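This report goes through the contacts within and between the molecules of one structure. The reader may wish to keep the coordinates open while following the sections below.

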2 protein chains.
Amino acid sequence: MNARRPYRREGEEARRAALIQATLDCIAEGGPQAATVRAIALRAGVTQGLIRHYFATKEELIAAAHESLMSRLTEASAARLDELPADPLARLSGFIANAVTPPVVDPRSMALWAASMQLVPRDPAMRAVHEGTYLAFRDRLEAMIAEALQAAGRQPPPGGTRALAIAGNALLDGLWIEGSLLPEHFAKNEMKSIAIKAFERLLDLELPE
Amino acid sequence: MNARRPYRREGEEARRAALIQATLDCIAEGGPQAATVRAIALRAGVTQGLIRHYFATKEELIAAAHESLMSRLTEASAARLDELPADPLARLSGFIANAVTPPVVDPRSMALWAASMQLVPRDPAMRAVHEGTYLAFRDRLEAMIAEALQAAGRQPPPGGTRALAIAGNALLDGLWIEGSLLPEHFAKNEMKSIAIKAFERLLDLELPE
DNA sequence: GCATAAATTATACGCTTGCATAATTGCCAA
DNA sequence: TTGGCAATTATGCAAGCGTATAATTTATGC
């Protein structure tokens, strides 16, 4: 006569958050195929039936997890913005350094990002999220570039700052990926110094730090 | 009394190649989870049992497919090198343009790349392949940068060309990703022009085209 | 305290998966 | 022409999957 497993009732929000967190952990650790309903439930400390109680389908849970991940990354980035100095040049420099060093550069985030990238081409919802976060980041970068140029008394190049923002964004993306994927190939502060020097040349500007 | 399905005997190499191709098609279309033994066999025009005859396990087939993909990309890149002009500046310019325009920029390649990126952190073999192809591409770029600088009579910046190659590689990677992922966000030749202008500023050099 | 509703566990079902193995067929050598 | 062997098909199996649903326990309001 095995006793039934005892349990505590948690609020809906807490349980949903725990399930989402467990889902992300599973994906980060073993890829999407490791994120089975049973594995997620086990990691969240509940039995598998409970998942159905909060998410009608597994697909729904995956989508919620992705949305949570992306908004968390966006929030983190926005929060950091407030911590940056007010001077436009130092501000841009800090923003760049932030994007290519831990904790933004991180194998786990990279794994999760790669997993969602895979869904973007065929899942419209995922695509919309990616589009939104990409443009938000790029627009933020473009604004900071414009302010930095203005502060230094420089003219934006012919064609405006759009091309600079696209290139700068691509540069940061690429460095983020390689820094996360092959961290031991780069010295301690190499990424930061490479990124800032590249932006200095890109913008024809001297950046602090 | 249904007749048994008729078949033709193919050489081992042809069948292996067909199975690998079918595997890549499946992954590109529906992600790794869509690459089931049955789906691959169906696409290759054989029955599922045959896969076991050529690959001891599905994992082995996946690894072979990944290796094939990567070496094909490397070969394609190397083949293009011969088609580039001899003049170092035009050569670098052509190399850059090539990296950010179709057929290199391509949603299918992007999907396959994302799928393998996911495996890099936990599969040592995948990691080794990624490391090798990344460094090969970067070294090639670094050599072309050095030649272009020399041809223009410029000195490499303090710290040498390593930093420039890392940054340039990251720039191309980032543009490749976004160009493949959100193609309709960029005008016809915008990627090419952005990439070349960015390199011009990065290297303080005028590039043709 | 007790009834009641909701949260959670427990169990089961049908399907798909990767893999094994037996049965057959196409092809080449003699 | 015809054996014989390897390539291929066909069939089956156990495990794991997502989902459905019934049974039970926790908490809450009266």
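## The surface near DNA strand D

In the surface near DNA strand D, α2 (37–44) of chain A and α3 (49–54) of chain B each supply at least two residues. The model is a predicted one, and within it α3(B) makes the greatest contribution to the surface near DNA strand D, with four residues. Around DNA strand D there are 24 residues, of which Arg52(A), Arg4(B), Arg9(B), Arg15(B) and Tyr54(B) come nearest. Sorted by class, the surface near DNA strand D holds twelve charged, six polar and six nonpolar residues.

Sugar or phosphate accounts for 63% of the atoms of DNA strand D that lie within 4 Å of the protein, while the rest belong to bases. From chain B, a polar backbone atom of Glu10(B) is 2.8 Å from a phosphate oxygen of DNA strand D.

## The surface near DNA strand C

DNA strand C is surrounded by 26 residues, and the closest of them are Arg4(A), Arg9(A), Arg15(A), Tyr54(A) and Arg52(B). Of the atoms of DNA strand C within 4 Å of the protein, sugar or phosphate supplies 64% and bases supply the rest. The residues of the surface near DNA strand C comprise twelve charged, eight nonpolar and six polar.

Among the individual approaches, a polar side-chain atom of Arg9(B) lies 2.7 Å from a base nitrogen of DNA strand C. Phosphate oxygens of DNA strand C are reached by a polar side-chain atom of Lys58(B), at 2.5 Å, and by a backbone N or O atom of Arg8(A), at 3.2 Å. The elements that give two or more residues to the surface near DNA strand C are α3 (49–54) of chain A and α2 (37–44) of chain B, and α3(A) gives the most, with four residues.

## The interface of chain A and chain B

The contact between the two protein chains takes 47 residues from chain A and 47 residues from chain B. Chain A and chain B bury about 3,900 Å² between them, and carbon and sulfur atoms carry 63% of that area. Within the area that chain A buries against chain B, Gln118(A), Leu181(A) and Arg201(A) supply 16%, more than any other three residues.

Across the interface of chain A and chain B there are four salt bridges, and one of the salt bridges joins Glu190(B) to Arg162(A), with the closest N and O atoms 2.7 Å apart. Between chain A and chain B the count of residue pairs in polar contact is 14, with both residues at pLDDT 80 or more. On the side of chain A that touches chain B, two or more residues come from each of α1 (12–30), α6 (107–119), α7 (124–151), α8 (162–181) and α9 (190–203) of chain A. α8(A) gives the most to that side, with 13 residues, and by class the side has 28 nonpolar, seven polar and twelve charged residues.

## The two domains of chain A

Chain A is divided into domain 1 (9–65) and domain 2 (86–209), and the C-alpha centres of domain 1 of chain A and domain 2 of chain A lie 32 Å apart. Six residues of domain 1 of chain A are in contact with four residues of domain 2 of chain A. The area buried between domain 1 of chain A and domain 2 of chain A is about 470 Å², with carbon and sulfur atoms giving 71% of it. Leu24(A), Ile27(A) and Ala28(A) supply 57% of the area that domain 1 of chain A buries against domain 2 of chain A, more than any other three residues.

Between domain 1 of chain A and domain 2 of chain A the count is one salt bridge. The side chains of Arg108(A) and Asp25(A) meet in a salt bridge, at 2.8 Å from N to O. The count of residue pairs in polar contact between domain 1 of chain A and domain 2 of chain A is one, with both residues at pLDDT 80 or more. On the side of domain 1 of chain A that touches domain 2 of chain A, the residues divide into four nonpolar, one polar and one charged.

Key: Residues are numbered from 1 along each chain as its sequence is written. Chains are lettered from A and ligands numbered from 1 in the order in which they are written. This is a predicted model: local features need pLDDT of at least 70, side-chain atom pairs count only at pLDDT 80 or more; totals for chains, interfaces and linings use all residues. Side-chain values use heavy atoms; hydrogens and water are left out. Domain bounds come from an automatic or database domain assignment. Contact means heavy atoms within 4.5 Å. Buried area is the accessible area (1.4 Å probe) that two parts lose on being put together, summed over both. A polar contact is a pair of N or O atoms within 3.5 Å; within protein, one must be able to donate a hydrogen and the other to accept it, and residues adjacent in sequence count only if both atoms are side-chain atoms. Ala, Val, Leu, Ile, Met, Phe, Trp, Tyr, Cys and Pro count as nonpolar, Asp, Glu, Lys and Arg as charged, and the others, Gly among them, as polar. A residue is near a molecule or strand if one of its heavy atoms lies within 4 Å of it.
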